[in-house]
Amino acid sequence: MKKICLLGATGSVGGNTLDVIQNHSEQFSLVGFSFNQNIVRAREIIRDFKPKFVTAGNPQFAQDLKHDFPEITVFSGLEGLVELASTDYDLILTAVMGSVGLHATIRAIELKRQIAIANKETLVMAGDFITALAKQNKVPLLTVDSEHSAILQCLQGVRREDVASVTITASGGSFRDRTRAELEGVTVEDALNHPNWSMGQKITIDSATMVNKGLEVIEAHFLFDLPYNQIKTILHRESVVHSMITMKDGASFAELGANDMRQPIQYALTYPNHLKIYNKKSFDLAEIGQLHFEAMDFQRFPMLALAYQVGEQGGSYPTVYNAANEIAVSAFLQGKITFLEIEQLITEAVETHQEVTDLDIDKIIRIDEETRVRVSRKIR
Ligand code: NAD
Ligand code: MG
């Protein structure tokens with residue numbers, strides 16, 4: 001029985017993870033989870049899964065749960081995520097949104113637990129530090145992001161030194177068929193209408209700006225230890241090919257399937273095995289008929305070009321790109337800025353960033369915080 005700790009159980013990835021755990025209750029049990037605001041859903045999860053530990057983002061909700069479920073240890077707030085990551089479990093799946101997952105991820109690595117990362121912002125914010133810490137503690141970083149899971153699946157059974165490049169596919173998000181001029185005045189509702197995937201709000205906006213693919217390029221650099229010139233991106237509107245690898249002799253291997261996050265989540269839990277998936281989404285290539293691929297247009301999607309740039313610059317630049325995006329997306333979702341202002345805020349934050357050398361985790365956290373303040377000041 002593998003004991004699972006799930007950060008962000010009430011979200012989109014969280015819900016899919018609970019499904020996988022429930023469908024394989026002979027192999028997995030949920031021993032702990034965190035949630036931020038959705039107390040109704042948290043109560044359901046407690047009743048269905050009977051965990052030992054829960055972290056509530058909101059201290060009042062923590063008090064309520066302590067009262068109603070005296071048999072459970074309840075933590076709260078950001079420290080509560082670290083306390084949860086310090087409990088007894090085998091694998092932690094990080095499905096919180098944004099860089100709030102950082103400290104809990106660090107704790108889990110220090111405790112040498114298995115790590116399954118959905119929370120890509122943590123890796124982008126502090127990739128050098130997280131990967132070095134994982135290496136030092138001999139902890140493999142498993143991935144839940146569908147593209148990176150596809151790459152990991154394709155890498156099984158090949159010699160790493162024979163891989164020439166990886167290609168990450170991008171659906172193009174909600175506005176893929178609009179020109180830049182047509183992005184003026186788009187609404188939050190339009191942006192949240194993703195053609196292929198049902199996901200949390202932040203990542204759906206990130207898909208529309210192509211920042212998500214930018215974060216994924218940086219994530220691939222850290223997860224697979226690849227230079228940026230070996231990480232390619234391609235527009236593929238069906239999201240059927242989840243990503244692929246190309247060998248030195250030109251052979252390419254891809255992972256194909258339905259747009260169902262339970263597959264990459266389950267693979268991270270059962271790695272390197274492929275178990276049965278229940279209530280499978282239909283996947284029939286004959287029914288799909290045609291697949292389309294287009295070269296990525298970096299003028300149309302400048303945030304992807306910027307991600308390659310900050311990735312190459314390295315150091316504190318990816319931290320700034322990520323922090324500026326988190327603040328900008330939150331402001332867009334609150335109706336405070338326009339869609340195109342997201343790009344402007346990120347670009348300005350990166351351009352005005354003064355590089356910091358001799359980075360350590362404290363400096364990274366400070367740069368993240370300073371960037372958030374700097375970007376927030378520009379928002380009315
Ligand atoms: P979501 O918004 O649906 O869920 C986020 C979860 O994080 C919720 O449980 C929420 O309660 C929790 N959370 C949010 N703010 C918090 C805070 N301040 N403190 C504690 N908990 C907090 O998001 P999602 O779409 O499930 O995405 C989660 C992560 O997985 C993101 O990093 C995203 O980039 C990544 N990811 C998501 C998908 C997907 O299909 N949704 C795919 C690949 C990667
Ligand atoms: Mg992805």
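## A walk from the magnesium site to helix α13

Start by selecting the donor residues of the magnesium ion (ligand 2), which follow the sequence spacing D-x1-E-x68-E. Before you go on, remember that this is a predicted model, where local features need pLDDT of at least 70, side-chain atom pairs count only at pLDDT 80 or more, and totals for chains, interfaces and linings use all residues. Residues are numbered from 1 along each chain as its sequence is written, chains are lettered from A and ligands numbered from 1 in the order in which they are written, and side-chain values use heavy atoms, with hydrogens and water left out.

**Stop 1: the metal.** Show Asp 145 (OD), Glu 147 (OE) and Glu 216 (OE): these protein donors lie 2.1 to 2.2 Å from the ion. Donors here are N, O and S atoms within 2.8 Å of the metal (3.2 Å for Na, K and Ca), and since water is not among the atoms, sites may look incomplete. Glu 147 sits in helix α7 (residues 146-155) and Glu 216 in helix α10 (residues 211-224), 69 residues apart, so the pair links distant parts of the chain. Helices are DSSP runs (H or I, at least four residues) and strands are too (E, at least two), numbered from the N terminus. Both Glu 147 and Glu 216 are buried, meaning under 20% relative accessible area (1.4 Å probe, protein chains only).

**Stop 2: Tyr 267.** Jump to helix α11 and pick Tyr 267. Is Tyr 267 buried or exposed? It is buried, with a relative accessible area of 2%. Leaving aside neighbours within four places in sequence, Tyr 267 is in contact (heavy atoms within 4.5 Å) with residues including Ser 149, Leu 152, Gln 153 and Gln 156. Pro 272, Asn 273 and His 274 are also among its contacts. For a distance check, Gly 257 is 10 residues from Tyr 267 in sequence and 13 Å away in space, C-alpha to C-alpha.

**Stop 3: helix α13.** Now select residues 302-313. The 12 residues should span 16 Å at 1.5 Å a residue, and the end C-alpha atoms are 16 Å apart, which agrees; the expected span is 1.5 Å times one less than the number of residues. Colour the buried ones: Met 303, Leu 304, Leu 306, Ala 307, Tyr 308, Val 310 and Gly 311. To see what covers them, show elements including α9 (201-209), α10, β9 (231-235), α14 (317-333) and α15 (339-351). Finish at Gly 314, which follows α13 and has a positive phi, near 65°.

How values were computed: Buried < 20%, exposed > 50% of the residue type's maximum accessible area, 1.4 Å probe, protein only.
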